[in-house]
Amino acid sequence: MSLPFLRKSSLCTSMDGGNTSLLHFGDIISLYTEDLVDDRCIVELRDGRPESPPKKFRDCLFKVCPVNRYAAQKQFWTEQKRFLSGESTFDDDMMNKLRIAAEKEKEQNELEFRKTQGNVIQYGTTVQLLHVKSDKYVTVQKNSPAKCERNAMKVYLDRAGNEGSWFIIEPAYKHYVIGDSIAAGNKISLIPYSVNNQTSGHVKHQLHLSHYLLKDHQSAAEVNCLNECTEWQVFMFLLFNENQPDIVKSGDVVRLFHADQQTFLTLDSIPKSCPPQDVVFLRMTNRPSAADATSSRALWEVQVVQKDAYRGGAAKWREYYRFKHLATDMYLTATPATTAVKPASNGRRASLMHMNKSKGTLERTKAEFLAPPSSQLYADGPDNMDECPLGTYFLVPVKSDFPEADRKLLFTLDPGIMPMNKDVPSKSYVRLQHEATGTWVHATSATEKQNLYYSSKNEKGWVRVICENNRVDKETFALLPVQPNEVRDLDFANDACRALRNFIRHIKSGDPVTKEAINVTIQLLTECIYFVTSTKNHMMDPLRITDFNPSRDRQKLLREQEVLDQVFQLLKAPFMPRQGLTEIGPLLSSPSELGEARNEVFKTMFQLCYSLLRYSQVSYRKNQEFLAEKFGQIQEQIGFDLLAEDTMTAVLHNNPKLLEKYVKTPHVERFVELVRNNRLGKFLDYLADLCVCRGEANKKVQELICNSVLSEKHRDILMETKLIDGEVHIGWMGQQPMRSLVELAESAKRNSDDADFLDYYRHQLDLLAQMCQEQQYLAIDPPPERKLLNISQQLPTDLVLRYKASSVEGYGDGGRARVGDLFAIDVLNTVEGYLNSLRNNHPSGPVLQKDAASVANNKLTYEMVTLAKALAQFGYYTFDNLLTLTENLLNIVDNSPHSAQTARTVSHGMTMIHRVTQSMIGTGPSKISDMPIKSVDKNNIEDSVREKESRQLLVKTKLTVAEILQFVMDVRRDYRITMALSWFKQNFPCNEEGVLDHTANINEKMAHELYEAIYQSSGHELHLDGGDGQLLLAILMQMTMSDYPPLTSISLKVLFRHFTQYQELLEDLKQVQLLVSSDDVENYRQVDRDLFILKNLTEKSELWVHGDRHHSVDGKENENEKTTKMDFEEHALVTPKAFATDESLKAVVDIIDEHYPTSRKECLRLLNQVFIYYSIFIIFVFIFLFICIYFYVIISISYSNLRSPIYNKVKR
């Protein structure tokens, strides 16, 4: 690190008067450091002077800040580390208090900075130096030696800072004394406050520039802390009053947004150009809002040109500026045009007034007035596009070693509106004028092909930008400021890409790869993972980060800045031959060597690489496509515990387009080989995940997996199931002996091999189920010529018949059969027994727990509740059993069960409110002695993952219970309607003809009897909770306060329905139609049959009209017939859909060819529309006829009821 990049022995020979201002808090001064990746402070030798700053001048800027206090933050950091390691005695409440105290201390530090900003700094003042680019503090770590000079202390950049970040400014020469004001240009010494009392002799420990060069950076020297004199010279970059957020200033990063074309000025390389060609253009986008199409390639750094090259300042109108591309360090300039272009259409004449720059006057003659206007005076440009107009330039990027001396890089800003003052405000509209040529920056027409650098399916177009003599009013750019965090993200991505590229180059060079270099790369990959996942806790295992919200901007940044590309290069580099003086063998011959102990660091590096790739594609389509194109490389490293298979399946998860496009037979075969070599269930899961996408089977991939897994050569990876002596036995297919499933389940508790064997069988069943989903014929009933294993025949016939022996109901088509009563009773008893035991085992506390240890129990409970829901919906539960099930489920999902003590201390009316509030606020913090903190639960990342899974299962269980409650309310409503109808049938009997036996006489007494029959005769059990309904209300209110939207929604529906059940019953009774005669019953059945026929006819007509447009046609005799058939398919005129035979279809086409040969396709299209309209007309005719029949039947029934005496009584 160097203040004006000079060695301590160098002298500054000249001082400018503009650099003699005093130093204030908030000023930005220039120093020099580099490399955000490893936080080192260095001095780059022979790179820049005060009159010619270095290229990376942004690395040299530091803000002078007052000292921050760190007492509360330090205590919080210390206790947090101890808390995570399980050594702390603080509970969660105390840690929360420490966190709040640390945040308040930060707020006080910010307030102190605002108060002291602008105060003059004097010698003896303690300050902190904040690195502007990284937002980190220069810090001395007194307990760690420096990297090169081991007798010195380490100096690094710290994100939050600490007491080691405090520096006392002392004069370098004796003619300054403590208390004198510091002026820009003075030479100073920086004395660390934390090590000031550890001096020996008369020279204090201070910020020191080492004589030793860095081994991995030969052009740089280390900065450390040592008791040797080092003089630092202060150079002012920005004064505190110039560093305002609402104006443009030196060092600001902006996006140049073209106001008329709604595009950003961008610099990028033309794809597939060799050598790569960098161009400046306006990027068109398909986004609805063009302003949202941000890219890291459109960031430009504003450099305000001053008399001193190292000096910055606030931007002023009509002064000189340079625009530096942030990602490539290239500058904007203009070069003569070499090809014809067409400017954007304007339609208005530019100004006819031309400034004579040599004389500074306006010169116009009478001939110039009378002469016809030149084409150059119009914004539309010349009519002849074969020649490039004179005075036209292209806006291009260029590299410059000495930009401060290059006049071609200078631009001026012309305001779009009349400015209020000299300062250029942020977000203002400006016109750009190139100083060297005097031309103005214009856009070109995006509709002209010659104006596009590049266009493709994904890129709408890269539009050229030109410079012309005329000033056009609409050619304005908005200076959109970029947030500092976004700039730092870009800096981090650029530095990471450069560091990875250097490490890969080091591997390929043939030089020895040290362990230190690998560790630095591992640390860099870890930081990249924290970066893309936005993880603030850097003590978390980077391989096990699951709960994070992906940052789309950072994911995009890693792809655009080629970090992901360098990661793939790194995954390939150790296996490639190295080029030294002679060709050297690769570091590793194959991925299998990564399993050896000596290559553990390489294995860790590869795992971090694949984890970074996996995190960078979460919920981001473009990165998923980028990774999918590299599947060939990823596939080569699957199966070596490098997390390559996890990355591949994560990319394909819930992405059907990528599944069909990129998953081929070699990928499936590779997974099958992994299954054979490892015999692990997780590889079967990878295949199962590929079968199903978004809950639906992917037919194409399903067929690939079926053809591979079920083939004869892969039978050895599957297990078979047999029924021997009444017991189920399993074993490898074609091998003996078979083992009993019951014995395996018992021995799996003690023997890990048997547990793995049983786990493999479970994963195989999951895979086979996914292969059969949506009736995949290759799995259920493959053609004999395929020689595939028939999954439907693998389950023993005796085992199937045992459960079908007591079947009570079947379907006419033989496709499905109702499971027998014996099996249904067994399942019901199993579910009821489990739910009863679960309820009885927790009489006084919550049944379902959220901790990590309960994930297995919660998973089993969720499966049981889901099974109970399916059994209830399919009608296996009687009404009594359904009410018992509901009561059990309500007690199981209750967060705060009602204890005897609560019943005694809380009044009856407040019980429900107490239960709800108790579940919301809990029972208060536990004492430390009552609930000791286990170290295993605190530092194990897997526990947090399992705890999250446990919470998700708990919420899903409650959601299923809410759905069961909604179903039970439907059944209860039907039950009450049935009770009402039974009461009518009992009290008003009819004969066979539907005539009442006696005259009805409905009065208040009979209405009361009807109410008692509906609500009182059933009694207490219809409250669903076995009580007075308070438990049901309390649980529904608990569910409404959940943070899971589907659960909240359905619980509110059930809660509202509970309070509107009386109104719901009355509305349903109004819809009930009494069929009191045999004619009414017969008419109802007739309408039901007619509606069924109408439904079938409608489905057939839909198939006829909207059938497959790509029906295959065989038997082509000549090319003419083939073309005709293709036209038929295109216009949906295939024979089964519109014509009775091919001959009739061909006759119609012959007439079209004879009379309308030039409009053949149009005729076919019209013919298709005629058929569609005709079919729609037929459908409407059918619907109209059956509606008439339906209303006729309803009127008939209503008329018969009007004659009934009971109807008149009920109406009165």
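This is a predicted model: local features need pLDDT of at least 70, side-chain atom pairs count only at pLDDT 80 or more; totals for chains, interfaces and linings use all residues.
1. The largest nonpolar core comprises 98 residues, and the members that touch the most others are Leu570, Ile705, Leu710 and Met771. Helix α4 (residues 484-509) supplies the largest share of this core, namely 10 residues. At least three residues come from each of domain 2 (246-338 + 389-482) and domain 3 (483-652).

2. When neighbours within four places in sequence are set aside, Ile705 is in contact with Val668, Leu687, Leu690, Cys691, Leu710 and Met771.

3. Another core, of 42 residues, lies apart from the largest one; among its members are Ala868, Leu959, Ala962 and Leu1031.

4. Glu887 is located in helix α22 (residues 879-893). Because its relative accessible area is 25%, Glu887 counts as partly exposed, the limit for a buried residue being under 20%.

5. Helix α9 (residues 621-628) has as its buried residues Asn623, Gln624, Phe626, Leu627 and Ala628. These buried residues pack against α6 (552-560), α7 (563-572) and α8 (600-616), and also against α10 (631-635), α11 (644-652) and α12 (656-662).

Definitions and conventions
Residues are numbered from 1 along each chain as its sequence is written. Side-chain values use heavy atoms; hydrogens and water are left out. Buried means under 20% relative accessible area, exposed over 50%, partly exposed in between (1.4 Å probe, protein chains only). Helices (H or I, at least four residues) and strands (E, at least two) are DSSP runs, numbered from the N terminus. Contact means heavy atoms within 4.5 Å. A nonpolar core is a set of buried Ala, Val, Leu, Ile, Met, Phe, Trp, Tyr and Cys residues joined through side-chain atoms within 4.5 Å. Domain bounds come from an automatic or database domain assignment.
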